[in-house]
Amino acid sequence: MNPIRRHEMIMEVMLNQKDVTVNELSDKLQVTGKTIREDLSKLEEQGLIVRVHGGAVLAQSDQFGILPSKDPLDKYSDEKTEIALRALAHIEQDDIIALDGGSTTLEIARRLDNMPLTVVTNDVYIISELVPKDHIRLVVPGGYRVRNMLAGPEAVSYVQQLNIQKAFLSSTAVHIEHGLSIYTGDLIEFKQALVSTARKVFAVVDHHKFGQTALRTFASLQEVDVILTDKGLSPETAEQFRSAGIAIECE
């Protein structure tokens, strides 16, 4: 098993358990304790976990773009609301949009008016939010469930055939060199399909994620038309991105 896939599996275990021991990971991944400790050190260097005696815990339980089973919008709720309102200003009646899985895109779904609109999504929370809005045409690609997300080759191939006008994408991290990144490979191809298919791509990320890098990049910043964030983004960071030709809305 290559190191990247091993790191993904470690993060998947930790997302479900919040903490884990070296022995547990060694048994599950069928590698030595020494290998696991080296993997944990690398993940800690990236800010994804915190090493503790005999194992590790998540650095932040909500940082991966896959939501916990309860209270998905509790953290940074004001920022998510602000970003959602910015996103709504770009959505018009009869649009065909995609809402990627995540807490900020869920807030967008909650605030969408019940109007003629087509919404493509792979997030089961967003699906349940939009089902009662009967004027919205809900399109759900196939796939297998990864916590609150649907993923897999069926979903990717389906999305690639669609005419999506605007895609709103979540991300674990935003970096001027490494672009938009997440931790798990299960969602990479779906996100990349949205990026390549949509006429306009919006990244919806709060200011805490700027300057961070996760395991896997799914889009360069040159593939993103606009980054929608909150007013907490420092003017210096905003200017750095704009100087690189990246459009940001944060005021």
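## Close-up views of helix packing and salt bridges

**Figure 1. Surroundings of Arg6 in the predicted model.** Leaving aside residues up to four places away in sequence, Arg6 touches Met1, Leu29, Val31, Thr35 and Asp39. The model shown here and in the other views is predicted. Arg6 is found in helix α1. With a relative accessibility of 10%, Arg6 counts as buried, because buried means under 20% relative accessible area.

**Figure 2. The salt bridge between Asp39 and Arg6.** The structure holds 7 salt bridges, and one of them joins the side chains of Asp39 and Arg6, with a distance of 2.5 Å from N to O. Asp39 belongs to helix α3 and Arg6 to helix α1 (residues 3-17), so this pair ties together parts of the chain that are 33 residues apart in sequence. Asp39 has a relative accessibility of 2% and therefore counts as buried.

**Figure 3. Packing of helix α2 against helix α3.** Two packed helices are described by the angle between their axes and the distance between the axes. Helix α2 (residues 22-29) and helix α3 (residues 33-45) pack at an angle of about 110°, and their axes are 9 Å apart. An angle of 65 to 115 degrees counts as roughly perpendicular, and α2 and α3 are therefore roughly perpendicular to each other. The crossing in which α2 passes α3 is right-handed. On the α2 side, the residues in contact are Val22, Leu25, Ser26 and Leu29; on the α3 side, they are Gly33, Ile36, Arg37 and Leu40. By type, the residues of this contact divide into 5 nonpolar, 2 polar and 1 charged.

Figure 4. Leu40 lies in helix α3. Is Leu40 buried or exposed? Leu40 is buried, since its relative accessible area is 0%. Not counting residues up to four places away in sequence, Leu40 touches Ile10, Val22, Leu25, Ile49, Arg51, Gly55 and Ala56. Val22 and Leu25, which are among these neighbours, are also among the α2 residues that meet α3. Leu40 and Val22 are 18 residues apart in sequence, and their C-alpha atoms are 8.8 Å apart in space.

**Figure 5. The salt bridge between Glu82 and Arg86 within helix α4.** Glu82 forms a salt bridge with Arg86, and the closest N and O atoms of the pair are 2.4 Å apart. Where do the two residues lie? Both Glu82 and Arg86 lie in helix α4, where they are separated by 4 residues, about one turn of the helix. Both residues of this pair are buried.

**Figure 6. Packing of helix α4 against helix α5.** The axes of α4 and α5 are 8 Å apart, and the two helices pack at an angle of about 60°. The helices α4 and α5 are therefore oblique to each other. Their crossing is right-handed. From α4, the residues Lys80, Thr81, Ile83, Ala84, Leu85, Ala87 and Leu88 meet Ser103, Thr104, Glu107, Ile108 and Arg111 of α5. The residues of this contact divide into 6 nonpolar, 3 polar and 3 charged.

**Figure 7. The covered helix α5.** How many of the 9 residues of helix α5 are buried? Helix α5 (residues 103-111) is mostly covered, with 7 of its 9 residues buried. These buried residues are Ser103, Thr104, Thr105, Leu106, Glu107, Ile108 and Ala109. They pack against the helices α4 (77-88) and α6 (124-130), and also against the strands β4 (96-99), β9 (166-169) and β12 (200-204).

**Figure 8. The salt bridge between Arg110 and Glu129.** Arg110 forms a salt bridge with Glu129, and the closest N and O atoms are 3.5 Å apart. This pair links distant parts of the chain: Arg110 is in helix α5 and Glu129 is in helix α6, 19 residues apart. Arg110 has a relative accessibility of 38% and therefore counts as partly exposed. Glu129, at 25% relative accessibility, likewise counts as partly exposed.

Methods. Residues numbered from 1 in each chain as written. Predicted model: local features only at pLDDT ≥ 70, side-chain atom pairs only at ≥ 80, totals over all residues. Heavy atoms only, no water. Axes fitted to C-alpha atoms, helices over the stretch in contact; angles between N-to-C directions. Parallel < 35°, antiparallel > 145°, perpendicular 65-115°, else oblique. Left-handed = near helix turned anticlockwise from the far one by under 90°. Contact = heavy atoms within 4.5 Å. Nonpolar A, V, L, I, M, F, W, Y, C, P; charged D, E, K, R; others polar. Buried < 20%, exposed > 50% of the residue type's maximum accessible area, 1.4 Å probe, protein only. Salt bridge = Lys/Arg side-chain N within 4 Å of Asp/Glu carboxyl O.
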